[in-house]
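Welcome, and thanks for taking a look at this one.

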Amino acid sequence: MGDIVKIFDTTLRDGEQSPGATLSSAEKLKIARNLSRLGVDIMEAGFPAASPDDLEAVKQIAIHVGNDVPEGRTEPPVICGLARAVKRDIDKCWEAVQHAKHPRIHTFLATSPIHMQHKLRMDPEEVVDKVKEMVTYAKSFCDDIEFSPEDAGRSQPEFLYLVLGEAIKAGATTLNIPDTVGYQTPEGFGTLIKGIMENTPGIENVTVSVHCHNDLGMATANTMAGVMNGARQVEVTINGIGERAGNTSLEEVVMAMKTRGDAYDLDTNIDTTQLIPLSRQVSRFTGMAVQANKAIVGENAFAHEAGIHQDGMLKNEETYEIMRPETVGLLKSELVLGKHSGRHAFKVRMAELGYELDGDLLNDAFSKFKRVADAKKVVTDTDLIALVDDQMMRPTRIYRLDGMQVTCGTIDMPTASVRLIDPDNNPHLAVAIGTGPVDAAFKAIDSIVQVPNSLEEYVVRAVTDGIDAIGEVTVRLESADDKFKLRTDPQSGLKRARSFGGHGAETDIVVASAKAYLAALNKMLVASGKFEA
Ligand code: KIV
Ligand code: ZN
């Protein structure tokens, strides 16, 4: 077997920077635990200087995930924080990551002519001096330092060799080469990495990393070209979420190496059977739906609809399948539990699916399962995961849905009555009419919660086949209020508006919609500082 390529996951930093992907601290911690179980070598937990909340979230991950050895590993993952090349950012970053057993500071400064001239307003000599100064400063806190020349994909190779050589002299241990705007081609990026490997003084003593964006749909191809030319760390996100068209997908590069050992002769430490469950969880938390034809984790990635394909599949699966679905954690939708199944059977099955439930969590999940089993008769593994994720992953419960009723159809105006319980346990009842039952339900909720917002995205999908399937709804809301422009964007330095995702899963999609909407509103209320998660 060839070399191990380190997986540096940046779902919680670059991924979370994408519009609508805002996660609460509790959600970040849960994803971080699962990334650790997945086997990532390094996780970039956030940009601590963005806001006090961001700093606290990275700190909690450093404390709780950065000191816990996941099953099958001998060490906890490295916990990394991002910092611009300024002292204040590096101080905040160290404040957060120092609690991990293996902390890393990742600092960056742009090196492309366009960024140096228009964004930084610095000349190349000033950039080199700043890199030396800030890498040295970061090194005074921490041994493990990563440096990225931002927009390396559009930088002059000779200038990169110089900057990177100085970063190594100042103490950088990983040099990450970002194609920040997704401009590169596989040939061009491979040549750039090759040139860096051959011309940078001291490069043999550090790890070279690649970080690609997907603006031209070539992030995975560019990343693999980097690896073929000597990079031994790849920066990736679950589902490829990230700025604009996103970052390189973790699942794509990992499965490329696993499936095409003949082409790459490289491996990773990832437990690939956790890819699909984690992909679904990230999608639910962020409220960002995964496109059905997305490689590896999309709904249709292993579906064989065309008759000719099905015929081939029945004769021999390898005719149309290059990976086994189980390898990436796709569960067969078997009937495992029904309305007569008891608590014990439910608890054992959930544990087999990776969910250890006890106490109140078990009680709540079991009564939800019973309700669904009554309505649906056939409850598959996929249904169970959707239900329990829905319950476990919505820790922010400021307002709670206590009950609702809708009437709709062609005769009368669609009307919804909604009963919510507020944080002090007081019930609130509201009735509203709308253009349809979902619109009416959202208006009724609005009249109680009163957080001005606009609905940016509303997606419904069936978890399993059949007319009685559980429906999953994700919504994304944007606040109409300026006080939500809370966090600093690391690259532009500007305060950015946040949007908030919510998720709900029920056999009744109007109820699922109301729950998803309320979940997103609850996140907004927490972000406003009026309530605690
Ligand atoms: O895309 C980029 O340049 C980045 C850096 C901060 C590494 O995300
Ligand atoms: Zn990036």
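Helix 17 and helix 18 cross in a right-handed manner; a crossing is called right-handed if the near helix is turned clockwise from the far one, and left-handed if it is turned anticlockwise by less than a right angle. This is a predicted model, in which local features need pLDDT of at least 70 and side-chain atom pairs count only at pLDDT 80 or more, while totals for chains, interfaces and linings use all residues. Residues are numbered from 1 along each chain as its sequence is written, chains are lettered from A and ligands numbered from 1 in the order in which they are written, and side-chain values use heavy atoms, with hydrogens and water left out. Helices (H or I, at least four residues) and strands (E, at least two) are DSSP runs, numbered from the N terminus.

**Helix 17 against helix 18**

- Helix 18 covers residues 509–527, and its axis lies 10 Å from that of helix 17 at an angle of about 35°; axes are lines fitted to C-alpha atoms, for helices over the stretch in contact, and angles run from 0 to 180 degrees between N-to-C directions.
- On the helix 17 side, Pro-437, Val-438, Phe-442, Ile-445, Asp-446 and Val-449 make the contact, and they meet Val-510, Ser-513, Ala-514, Tyr-517, Leu-518, Leu-521 and Leu-525 of helix 18; contact means heavy atoms within 4.5 Å.
- By class, the residues of this contact are eleven nonpolar, one polar and one charged, where Ala, Val, Leu, Ile, Met, Phe, Trp, Tyr, Cys and Pro count as nonpolar, Asp, Glu, Lys and Arg as charged, and the others, Gly among them, as polar.

**Helix 3 and its two partners**

- Helix 2 (residues 25–38) and helix 3 (residues 52–64) have axes that come within 9 Å and cross at roughly 35°, and this crossing is right-handed.
- Ser-25, Lys-28, Leu-29, Ala-32 and Arg-33 of helix 2 touch Asp-53, Asp-54, Ala-57, Gln-60, Ile-61 and His-64 of helix 3.
- That contact of helix 2 with helix 3 is made of four nonpolar, three polar and four charged residues.
- Helix 3 also packs with helix 4 (residues 87–97), at an angle of about 35° and with the axes 7 Å apart.
- Here Leu-55, Val-58, Lys-59 and Ala-62 from helix 3 meet Lys-92, Glu-95, Ala-96 and Val-97 from helix 4.
- The contact of helix 3 with helix 4 has five nonpolar and three charged residues, and no polar ones.

**Aromatic pairs and a charge over a ring**

- The whole structure holds seven aromatic pairs; rings of Phe, Tyr and Trp (its six-membered ring) pair if their centres lie within 6.5 Å, and planes under 30 degrees apart count as stacked, over 60 as edge-to-face and the rest as tilted.
- Phe-346 and Phe-369 are stacked because their ring centres are 5.1 Å apart and their planes are at 20°.
- Phe-346 belongs to helix 14 (residues 343–352) and Phe-369 to helix 15 (residues 359–376), so this pair ties together parts 23 residues apart in sequence.
- Phe-346 is buried at 1% relative accessibility, and Phe-369 is buried at 1% as well; buried means under 20% relative accessible area, exposed over 50%, and partly exposed in between (1.4 Å probe, protein chains only).
- Phe-442 and Tyr-458 pair edge-to-face, with 6.2 Å from centre to centre and 80° between the planes.
- Phe-442 sits in helix 17 (residues 437–449) and Tyr-458 in strand 14 (residues 453–462), 16 residues apart.
- Phe-442 is buried, with 7% relative accessible area, whereas Tyr-458 is partly exposed at 32%.
- Trp-94, Tyr-137 and Phe-141 make up one aromatic cluster.
- The charged end of Lys-87 sits over the ring of Tyr-137, 5.1 Å from its centre; this requires NZ of Lys or CZ of Arg within 6 Å of the ring centre and within 35 degrees of the ring normal.

**Loop residues to look at**

- Asp-151 is not a glycine, yet it has a positive phi of about 60°.
- Asp-151 lies in the loop between strand 5 (145–150) and helix 7 (157–170), and it is buried at 0% relative accessibility.
- Gln-450 also has a positive phi, near 55°; it is placed in the loop between helix 17 and strand 14 and is exposed at 60%.
- Gly-287, in the loop between helix 12 (275–286) and helix 13 (307–315), is buried with a relative accessible area of 0%.
- Beyond its neighbours within four places in sequence, Gly-287 is in contact with Val-282, Glu-457, Thr-474 and Gly-501.
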